Amino acid sequence: MVTWTALTGLAGLASLALAGQGGALAPLEWGAGPLTVDALPRVVYVAHRGGAREVPENSMSGLMAAYERGTAQVLDFDTRMLRDGHMVVMHDETLNRTTYLGGPVRGLNLRDWAGVRLRPKAAIPGSWRSERPPTVAEVLDRFGGRVVLMLEAKDPESLRTLAGLIRARGLTRSVFVNSNRPEVAWRAHRMGLVAQLWRSAEQMRDDRPERWAPFVDVLDVDYKARDADLARAAHSGIPRVWAHTVVTPGQRDRALALGCNGIITDAPGRLSRHPLKAVKGGTAMQGGKSGKGFRAVRGRARP
């Protein structure tokens with residue numbers, strides 16, 4: 001059982017480990033310099049919103065739990081802009097679904113944000129206390145350089161602000177910046193960020209993803225898409241094609257068999273308990289020989 005008290009303790013230990021380094025986060029496991037996307041293995045697991053079926057979504061305690069459990073190499077979270085321009089971690093336009101308050105996120109300033117409290121879902125396993133949703137700066141400061149991050153720019157006009165937060169921490173090669181809009185992905189690429197583009201199954205019917213290969217680093221595709229559409233995305237020339245939002249081993253195995261090389265999941269712990277089948281092209285997956293589930297290893301990608 002993971003509790004907020006235990007996670008606070010883990011965060012405190014991490015802060016102590018960084019003492020004496022001028023207050024800047026430095027990698028704990030990865031050696032000199034920040035961890036970058038180039039260190040990711042050939043097949044990647046992403047904890048979507050921290051793993052929203054296993055932890056409170058877009059919460060600091062949930063992201064911390066996902067990091068400590070080690071079942072994903074990438075932590076995903078959503079971003080919204082407040083009235084005063086500060087960036088916070090939240091999926092919806094309103095507070096209604098995930099907090100004890102209501103109304104639009106854009107109606108708040110940073111001082112108001114201090115009074116917001118998340119409402120953990122009863123269905124999530126474990127014991128979770130209510131907490132304030134983090135700011136984007138807090139997540140970048142906590143995890144930047146320790147694990148690859150993926151953030152979605154829910155407000156396209158926030159891209160320049162997000163770029164500033166990422167650049168200021170030296171994380172331009174450590175953070176995927178996601179959007180559903182090709183023009184936003186193009187702008188992110190032009191800003192020197194790692195650009196990600198997600199598409200729904202309906203959009204994928206008419207997409208020509210090869211057109212985005214010059215500026216998209218990750219194509220984030222809907223696992224519910226037709227086989228032909230998934231295969232076309234996988235062979236588009238875009239180097240990383242990751243399927244969302246997967247929750248069962250069968251969904252995962254189908255996406256990988258069709259050529260995807262990453263899985264974005266609400267249930268990384270669940271998938272880790274089920275061995276991966278052989279992937280098209282003969283890629284050997286961790287856990288396949290031993291019969292144990294996949295577990296991300298914090299170390300450089302193997303050749």
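**View 1. Asp229 and Arg232 sit three residues apart in helix α8 (residues 227-234), so about one helical turn separates them.** Helices here are DSSP runs of H or I with at least four residues, strands are runs of E with at least two, and both are numbered from the N terminus. This is a predicted model, with pLDDT of at least 70 needed for local features and 80 or more for side-chain atom pairs, while totals for chains, interfaces and linings use all residues. Residue numbers start from 1 along each chain as its sequence is written, and side-chain values use heavy atoms, leaving out hydrogens and water. Asp229 and Arg232 form a salt bridge, with 3.0 Å between the closest N and O atoms; the term means a side-chain nitrogen of Lys or Arg within 4 Å of a carboxyl oxygen of Asp or Glu. Asp229 is buried at 2% relative accessibility, whereas Arg232, at 30%, is partly exposed. The cut-offs are under 20% relative accessible area for buried, over 50% for exposed and in between for partly exposed (1.4 Å probe, protein chains only).

**View 2. Asp78 pairs up with Arg49 in a salt bridge (3.6 Å, N to O).** Asp78 belongs to strand β2 (residues 74-81) and Arg49 to the loop between β1 (44-47) and α2 (60-69), so the contact ties together parts 29 residues apart in sequence. Both Asp78 and Arg49 are buried. Shared partners link Arg49, Glu57, Asp78, Asp92 and Arg97 into one salt-bridge network.

**View 3. Asp222 meets Lys224 through a side-chain salt bridge (3.2 Å, N to O).** Asp222 is buried, with 6% relative accessible area, but Lys224 is exposed at 54%. Overall, the salt-bridge count comes to 19.
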